[in-house]
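Please examine the sequence and the structure shown below. The paragraphs that follow proceed from the chain as a whole to a helix pair and then to individual residues.

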Amino acid sequence: MISLNLTVPLAVDFNDAADYFIFITNLLIATSAVLVAGSVVLGILCKKSLRAQNRFIFMLNTSISDTLSGVGGYYIGLFDVQEGFPSRNGTYFIVPSLLGVNIMTIFFSQVDRFLAVVYPYTYNRYVSRTVVIEVCFFAWFYTYVVMLTIQNLVALEAVAGIRAYGVLTLQATIIVKVLMNVKLYLIAKYQISREPPGPERDSKKESLRLIIVVVVCFLALWTPRFYYIILVEMTGSRYMFTNTASDPLGLMIRFTSTCTPGLYIWGSPALREAVLKTVWGRVCPLPRKR
């Protein structure tokens with residue numbers, strides 16, 4: 001009689017202090033992502049004025065991905081999981097691919113802000129809310145229907161080639177992000193300084209500052225992994241961590257799921273008000289003053 005063991009062991013054995021540190025760190029990263037990103041999702045969905053603006057649609061898309069990354073973090077961060085090759089108790093790249101959705105969405109939001117500043121008339125004519133929603137949908141479609149399906153269906157030799165293509169695309173995307181960020185800052189600073197003071201100017205200034213800060217923090221957390229990939233490609237060797245939970249570079253990347261929506265709340269007063277009053281105000285109502 002064949003017995004199936006469906007139990008996945010925990011990521012650590014709790015034999016020393018380091019095991020407790022790894023477990024608690026992963027738990028906190030996953031929980032903070034769910035709470036912070038989930039608050040942004042609810043704040044935008046509950047506020048019609050936010051849903052009407054293109055930049056908040058991009059924020060909503062990344063925050064949905066970040067919330068799901070936090071939920072998936074409870075599994076890949078707390079249990080003995082090894083994504084990649086060889087895979088052990090993996091998720092068939094479903095959870096790691098959420099970060100790919102974020103990369104594409106943040107890149108599209110950079111392009112969106114670039115067009116809004118440099119070509120405002122063309123932007124207002126062609127880039128509607130529907131177009132932005134379709135672009136966000138494309139990020140999910142390309143990541144899960146195209147790339148993920150191919151990786152899980154084709155042979156291992158072909159998957160290696162696809163992963164090499166993905167690494168190359170990631171490196172090119174990061175370089176383009178940096179160059180576009182610098183150019184966007186220079187152009188935006190000049191354009192905004194020429195506009196008269198008013199709500200529209202303040203909104204542009206706020207959105208540009210926010211996307212620049214988000215991209216800088218995103219790149220700061222991704223850069224160690226970026227150089228690690230380059231080192232692996234150059235030397236042909238890699239250090240295998242015990243599992244995903246003990247990979248410090250992976251922890252840094254997963255922390256973007258908390259950092260990015262946290263920056264949204266910090267940089268946007270309208271979103272911060274929606275999160276505090278609409279979301280947390282209902283969960284933890286403040287006592288009324290007599």
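The model is a predicted one, in which local features need pLDDT of at least 70 and side-chain atom pairs count only at pLDDT 80 or more, while totals for chains, interfaces and linings use all residues. Residues are numbered from 1 along each chain as its sequence is written, and side-chain values use heavy atoms, with hydrogens and water left out.

The protein chain contains eleven helices and zero strands, where helices (H or I, at least four residues) and strands (E, at least two) are DSSP runs numbered from the N terminus. The order of elements from the N terminus is accordingly α-α-α-α-α-α-α-α-α-α-α. The protein chain has 290 residues, of which 43% count as buried; buried means under 20% relative accessible area, exposed over 50%, and partly exposed in between (1.4 Å probe, protein chains only). Among contacts in the protein chain with a separation of 6 or more, 76% are accounted for by residues 24 or more positions apart, a contact being heavy atoms within 4.5 Å.

Helix H3 (residues 54-76) packs with helix H10 (residues 256-267) at an angle of about 145°, and their axes are 9 Å apart. Axes here are lines fitted to C-alpha atoms, for helices over the stretch in contact, and angles run from 0 to 180 degrees between N-to-C directions. H3 contributes Met59, Thr62, Ser63, Asp66 and Ser69 to the contact, and H10 contributes Thr256, Ser257, Thr260, Pro261 and Tyr264. The residues of this contact comprise three nonpolar, six polar and one charged. In this scheme Ala, Val, Leu, Ile, Met, Phe, Trp, Tyr, Cys and Pro count as nonpolar, Asp, Glu, Lys and Arg as charged, and the others, Gly among them, as polar.

The loop between H3 and helix H4 (97-118) holds Glu83. Is Glu83 buried or exposed? Glu83 counts as buried because its relative accessible area is 14%. The side chains of Glu83 and Thr91 are joined by a polar contact of 2.5 Å, that is, a pair of N or O atoms within 3.5 Å; within protein, one must be able to donate a hydrogen and the other to accept it, and residues adjacent in sequence count only if both atoms are side-chain atoms. Beyond its neighbours within four places in sequence, Glu83 has contacts that include Phe93, Pro96 and Thr244.

Asn89 also belongs to the loop between H3 and H4, and is partly exposed at 31% relative accessibility. Its side chain reaches the backbone oxygen of Asp80 at 2.8 Å. Asn89 and Pro9 are 80 residues apart along the chain, and their C-alpha atoms are separated by 9.5 Å.

Backbone geometry deserves a final remark. Most residues other than glycine have a negative phi. Phe93, in the loop between H3 and H4, has a positive phi of about 65° although it is not a glycine, and is buried at 11% relative accessibility. Phe14, in the segment before helix H1 (17-45), has a positive phi of about 60° and is partly exposed at 27% relative accessibility.
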